[in-house]
Amino acid sequence: MSNLGDDFSQFDISKEEKDKLVAEVVRYILFKTHQNSGCPIKREELSQLVTKNYRHRSLPAYIINEAKAKLSTIFGYELRELQRSRPSSTNHSRLSQQSGVDAKSYVVISQLPAEVYKKYVEDVNTSHLTGFTFVVISIVQLSGGKIAEDNLWHHLKRMGLHETDENHPVLGNVKQVLETLVQQRYLQKDKVSGPEGTTLFYELAERALDGTVSDRVKQYISQIVKKDDATVDIL
């Protein structure tokens, strides 16, 4: 029985054509991941790369699976499909920017051990963004997975991060960096209507709910709690 990588005769294309399509999809994934700071890539975008010259209905899925295998074996990346999470509130109005996001999208996740990734891959120039991400996710996590916008900024202001600050010495436009976490699907925004008007909430999204990320955040929170307990003991 032939494996998936060899069974492309059904699409009436040559091995050279198949390999060229796979390489094109891999290049696109790597380029878009770097260009858009790790924001999800729509499946529709990858499918269009294939269907612009080939019309077989099942070919895009086959090529994407082949590209997924190449990314894993050659680059050490997992191409992970995001399972969109639904807002916890029932009385909500999704923001237009999120409603337009394709339900099927992918992100690239390193498969390298954490210590290897930190030593050979991690970019020290973006470590501040990683730190900001973990802090924000931790705040939302400690708030039960969902927090009002005003409350989130209240906690961030205690760290010297202000919504109106467009020239922070490390983060630059702080509000835009927070918005990037929404685009990267660490957070999602929801508007909830109530007696006092409409309130904007931030809620944990797919990437923050991923087992690996969630475990690291919980570990980070536990370390902070232990430090606080140690300080109380000393006092």
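Two strands are taken to pair if DSSP finds at least two bridges between them, and helices (H or I, at least four residues) and strands (E, at least two) are DSSP runs, numbered from the N terminus. In strand β4, Ser-105 is the bridge partner of Lys-42. The model shown here is predicted, so local features need pLDDT of at least 70 and side-chain atom pairs count only at pLDDT 80 or more, while totals for chains, interfaces and linings use all residues. Residues are numbered from 1 along each chain as its sequence is written, and side-chain values use heavy atoms, with hydrogens and water left out.

We can begin with the strands. Strands of a sheet pair through backbone hydrogen bonds, either parallel or antiparallel. Here, an open sheet of 3 strands has the order β1-β4-β2, with antiparallel pairing. Its edge strands are β1 (41-42) and β2, each of which pairs on one side only. Between β1 and β4 there are 2 bridges, again in the antiparallel sense. Elsewhere, strand β6 (residues 187-194) runs antiparallel to strand β7 (residues 197-204), and 8 bridges join them.

Charged contacts come next. The whole structure holds 10 salt bridges, each defined as a side-chain nitrogen of Lys or Arg within 4 Å of a carboxyl oxygen of Asp or Glu. In one of them, Arg-80 meets Asp-210, with the closest N and O atoms 2.3 Å apart. This pair links distant parts of the chain, 130 residues apart: Arg-80 is in strand β2 (residues 77-81), and Asp-210 is in the loop between α9 (206-209) and α10 (211-234). Salt bridges that share partners also join Lys-15, Lys-18, Asp-19 and Glu-66 into one network. Glu-24 lies in helix α1 and Lys-52 in the loop between α2 (43-51) and α3 (59-75), so the pair ties together parts that are 28 residues apart in sequence.

The largest pocket has a volume of about 2000 Å³. A pocket is an open set of points on a 1 Å grid over the protein atoms alone, with protein on both sides within 12 Å along at least five of seven lines, and lining residues have an atom within 4 Å of a point; the volume is the space filled by probe spheres set on the points, which are joined across faces, edges and corners. Of the 47 residues lining this pocket, Tyr-117, Thr-130, Tyr-186, Arg-207 and Arg-216 are the closest to its centre. Helix α6 gives the most to the lining, with 7 residues. Elements that each supply at least two lining residues include β4 (105-110), α6 (127-142) and α8 (174-183).

How values were computed:
On a 1 Å grid over the protein atoms alone, a cavity is a set of points where a 1.4 Å probe fits but cannot get out, and a pocket is an open set with protein on both sides within 12 Å along at least five of seven lines; lining residues have an atom within 4 Å of a point.
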